[in-house]
Amino acid sequence: MIHLVNKVDSKLSTIMVAFDSGQRIESENGFNMGIAHMLEHCLFKGTANRDAIQVSRDIGFIGGSSNAFTSHEMVGYYITVPYDNIEDACEILSDILLNSVIPEDEFLKEREVVKEEEISRLDDVDSFIWNSFSSSFFTNYLSTPVIGTQNTISEFTRDEVYSFYRNFCSSKKGIVCLSGRHTKRYSKKLLTKYFGKQTSSDVSNSSAERSSYNAGNLELVKPGIEHTYVWVAYPGIPRGNELDPAARVLNVVLGSGMDSRLFNEVREKKGLCYGIGSGHSQWEGGELFVVESSTREANLSEVLSTIDAELNKIKSDGITEEELQRAKNKIKAAYYALDESSYGMCIHSIKNRLFKTPMVDEIISKIDLVSTSDVVSAANKIFDESRKHTVVCRGK
């Protein structure tokens with residue numbers, strides 16, 4: 001495994017192992033959609049040394065908080081503990097990842113759990129919208145659900161999960177990261193002891209297929225909801241692009257918090273909604289800038305026109321120096337908080353190694369250089385009407 005170590009001023013330490021084994025590699029390697037997420041559920045279900053109950057009890061005994069995540073592009077497994085219990089956490093996580101046996105009876109139960117999870121996700125309005133929006137907007141792996149579908153989940157077998165595990169989540173394909181207040185020498189010693197000597201092998205399992213984007217209007221119906229939900233979406237700015245820092249500033253000015261332009265115009269001045277915000281997401285295979293809100297049907301037209309007006313205003317008039325500095329301060333605060341989180345630094349370091357995302361100091365140095373004219377350039381690049389995709393989701 002590749003070893004990463006972060007010194008973090010926290011009394012909580014995190015040990016995390018991640019792989020370039022997310023949803024995007026499934027179909028190209030002949031696996032059912034959602035198998036990476038299914039493996040996430042199965043790895044905590046028993047090893048050659050512990051059954052599923054003992055895994056949970058041993059983690060709980062050391063004050064541990066354990067979990068895992070699966071995205072389109074990576075999977076990760078971690079335990080966060082009081083810093084003085086980090087060696088125990090390393091031993092348990094290495095056992096889970098290197099010695100998993102995936103018992104058939106546990107697999108069968110967990111497959112039913114994943115079916116329930118897939119159904120329950122669609123009770124959430126945002127997840128419901130995302131399922132339809134992503135398949136309409138993106139043209140690559142980002143258009144398919146990470147969790148799979150009821151049909152693909154039903155097709156999973158224990159042998160398929162175990163095959164995915166052995167082929168794409170082996171020790172030679174992993175990145176292990178320890179973040180805590182320990183010395184780097186001590187941390188590296190633990191990583192070598194429990195995860196083997198550091199290797200420099202290529203841990204990539206996939207070359208990212210880039211998405212093109214579909215503009216248009218998507219009308220959805222979800223029975224049982226009272227509000228009308230709206231997303232106004234555009235392709236965003238890619239990672240590493242010269243406008244990436246300016247896009248981060250743009251997102252904060254436009255839709256991050258109660259001091260943002262959208263919140264003030266749509267909610268505070270016009271009272272058209274309870275909440276409104278924006279987000280800028282980046283993957284290896286695509287980007288998304290989206291404005292999200294919900295309102296009563298009678299207000300929908302005015303909400304949409306006000307959003308459009310605010311986007312056009314930034315494109316033509318830009319932002320003030322005060323807005324620029326306020327956004328920079330908010331971005332710094334968010335990244336400084338990340339720098340003090342053992343979990344956050346594990347995630348950030350692993351993404352840096354897998355996808356070359358910049359580390360905190362580099363991000364902040366680039367944010368400091370952003371000018372008001374850079375933000376205008378980012379706004380004009382992103383808010384291209386010919387690439388706009390609007391989603392409206394009603395209750396009936």
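The legends below describe close-up views of a predicted model. In this predicted model local features need pLDDT of at least 70 and side-chain atom pairs count only at pLDDT 80 or more, whereas totals for chains, interfaces and linings use all residues. Residues are numbered from 1 along each chain as its sequence is written, and side-chain values use heavy atoms, with hydrogens and water left out.

**View 1. An open sheet of five strands, with mixed pairing, has the order S1-S5-S2-S4-S3.** Helices (H or I, at least four residues) and strands (E, at least two) are DSSP runs numbered from the N terminus, and two strands pair if DSSP finds at least two bridges between them. At the edges of the sheet are strand S1 (2–7) and strand S3 (65–70), each of which pairs on one side only. On average, and with direction ignored, neighbouring strands of this sheet are turned by 15 degrees against each other; axes here are lines fitted to C-alpha atoms, for helices over the stretch in contact, and angles run from 0 to 180 degrees between N-to-C directions. S3 and strand S4 (residues 75–82) run antiparallel and are joined by six bridges, and Phe69 stands opposite Gly76 in S4. Helix H8 (residues 184–195) lies across S1, strand S2 (12–19) and strand S5 (174–180), and runs at about 150 degrees to S1.

**View 2. Strand S2 is largely enclosed by the rest of the structure, because seven of its eight residues are buried.** Buried means under 20% relative accessible area, exposed means over 50%, and partly exposed lies in between (1.4 Å probe, protein chains only). S2 runs antiparallel to S4, to which eight bridges join it, and Val17 stands opposite Tyr77 in S4. S2 also runs antiparallel to S5, with six bridges between them, and the bridge partner of Phe19 in S5 is Gly174.

**View 3. The largest nonpolar core has 46 residues.** A nonpolar core is a set of buried Ala, Val, Leu, Ile, Met, Phe, Trp, Tyr and Cys residues joined through side-chain atoms within 4.5 Å. The residues with the most contacts inside this core are Ile15, Leu39, Tyr77, Phe164 and Phe195, and its largest share, seven residues, comes from helix H3 (residues 86–98). If residues up to four places away in sequence are not counted, Leu39 touches Tyr77, Ile102, Val161, Phe164, Tyr165 and Cys169, where contact means heavy atoms within 4.5 Å. Ile102 is placed in the loop between H3 and helix H4 (104–121), is buried with a relative accessible area of 1%, and has a positive phi of about 50 degrees although it is not a glycine.

**View 4. Phe138 and Trp283 form an edge-to-face aromatic pair, 5.8 Å centre to centre, with 85 degrees between the planes.** Rings of Phe, Tyr and Trp (its six-membered ring) pair if their centres lie within 6.5 Å, and planes under 30 degrees apart count as stacked, over 60 as edge-to-face and the rest as tilted. Phe138 lies in the loop between helix H5 (125–137) and helix H6 (150–155) and Trp283 lies in strand S8 (residues 276–283), so the pair ties together parts that are 145 residues apart in sequence.

**View 5. Ala246, in helix H9 (residues 244–255), is buried, with a relative accessible area of 1%.** Leaving aside neighbours within four places in sequence, Ala246 is in contact with Val370, Asp374, Val375 and Ala378. Ala246 and Asn6 are 240 residues apart along the chain, and their C-alpha atoms are separated by 28 Å.

**View 6. Lys356 is exposed, with a relative accessible area of 71%.** Lys356 is found in the loop between helix H13 (342–355) and helix H14 (360–368), and has a positive phi of about 65 degrees although it is not a glycine.
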